[in-house]
Amino acid sequence: MKKFKYFTISDLALGTWKMGGGFWTPSYENDERDVNAIKKAIELGITTIDTAEMYGGGHAEELVGKAIKDFKRDDIFIITKVWPNHAKYEDVIKSAKASSSRLGTFIDLYLLHWPSSSVPICETMSAFEKLVEDGIVKFIGLSNFKPEGIQKANECLKKYEVTAIENHYSLLDMSDEDTLEYAKKNGIAYFSYTPLEKGRISEIKILKEIARKYNKTPIQVALNWYISIDVMIPIVKASNIKHLEENAGAMGWKLSKEDWEAIAKA
């Protein structure tokens with residue numbers, strides 16, 4: 001488990017992109033499979049669930065809502081996001097209430113999915129603070145923001161602060177290192193999306209070599225490498241039970257310092 005200033009969460013997060021449909025378009029053909037996958041992830045200890053209003057036009061949130069009914073709510077940490085075309089004050093409030101309704105519960109962490117090019121960040125953050133005050137949202141975060149944008153959002157907030165950032169980071173793309181360092185310096189959670197680069201990570205030679213040493217898979221070694229970074233929680237999406245079990249096998253052990261550094265250098 002990862003402990004932060006305001007919350008403690010699982011070492012891995014389950015992503016739900018393409019569950020329940022795609023970009024604003026719902027699909028219902030795999031609902032049972034996806035609900036079962038979310039349940040299985042929770043049973044395996046992946047109790048942080050990442051979703052968004054855009055995923056399947058909100059249907060992914062509905063699937064999360066169905067899946068968590070069998071579990072104690074306090075054991076689950078739900079992240080969802082508002083799309084930047086809903087960044088105006090009233091639209092943020094409306095979107096959050098709709099997401100909460102689809103989830104059937106409050107939102108642990110609410111993120112602005114991307115920076116808005118037309119709405120001032122202070123207007124959006126004002127709405128986020130209202131949502132926290134009203135109990136619809138517990139914590140405030142951002143997605144696809146750089147350090148200067150996070151800092152500006154923080155300056156807008158009067159009572160609360162940005163507790164998390166969700167950006168793309170992987171062993172094949174470390175271009176967001178400056179934001180990761182900002183997260184470390186400020187003690188905020190850094191959720192890394194697409195950390196496995198759609199499976200391409202498993203072809204990295206050194207991961208294969210170290211995997212044999214630990215009797216793990218290259219995927220498990222890569223995920224453990226990310227987990228070993230204090231503030232980082234990799235987001236992994238899987239509807240296949242075997243893939244979920246493989247991902248969960250990245251938790252509960254730790255790479256040696258030498259092996260971690262060897263991977264970093266490679």
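Me: Which residue forms a salt bridge with aspartate 176 here?

Reply: In this predicted model, aspartate 176 pairs with lysine 146, and their closest N and O atoms are 2.8 Å apart. The two belong to distant parts of the chain, 30 residues apart, with aspartate 176 in the loop between β8 and α6 (177-186) and lysine 146 in the loop between β7 (137-143) and α5.

Me: Is aspartate 176 buried or exposed?

Reply: Aspartate 176 counts as buried, because its relative accessibility is 6% and the cut-off for buried is under 20%.

Me: OK, and what does glutamate 245 form a salt bridge with?

Reply: Glutamate 245 forms one with lysine 40, where the closest N and O atoms are 3.9 Å apart. Since glutamate 245 is in helix α9 (residues 241-248) and lysine 40 is in helix α1 (residues 31-43), the pair ties together parts that are 205 residues apart in sequence. Glutamate 245 is partly exposed at 39% relative accessibility, and lysine 40 is partly exposed at 23%.

Me: Switching to lysine 159, how exposed is that one?

Reply: Lysine 159 is exposed, with a relative accessible area of 62%. It forms a salt bridge with glutamate 133, the closest N and O atoms being 3.2 Å apart, and glutamate 133 is itself partly exposed at 42% relative accessibility.

Me: How many salt bridges are found in the whole structure?

Reply: A search of the whole structure finds 16 salt bridges. There is also a network of salt bridges that links Asp50, Lys81 and Glu166.

Note on methods:
Residues numbered from 1 in each chain as written. Predicted model: local features only at pLDDT ≥ 70, side-chain atom pairs only at ≥ 80, totals over all residues. Heavy atoms only, no water. Salt bridge = Lys/Arg side-chain N within 4 Å of Asp/Glu carboxyl O. Helix = DSSP H or I, 4+ residues; strand = E, 2+ residues; numbered from the N terminus. Buried < 20%, exposed > 50% of the residue type's maximum accessible area, 1.4 Å probe, protein only.
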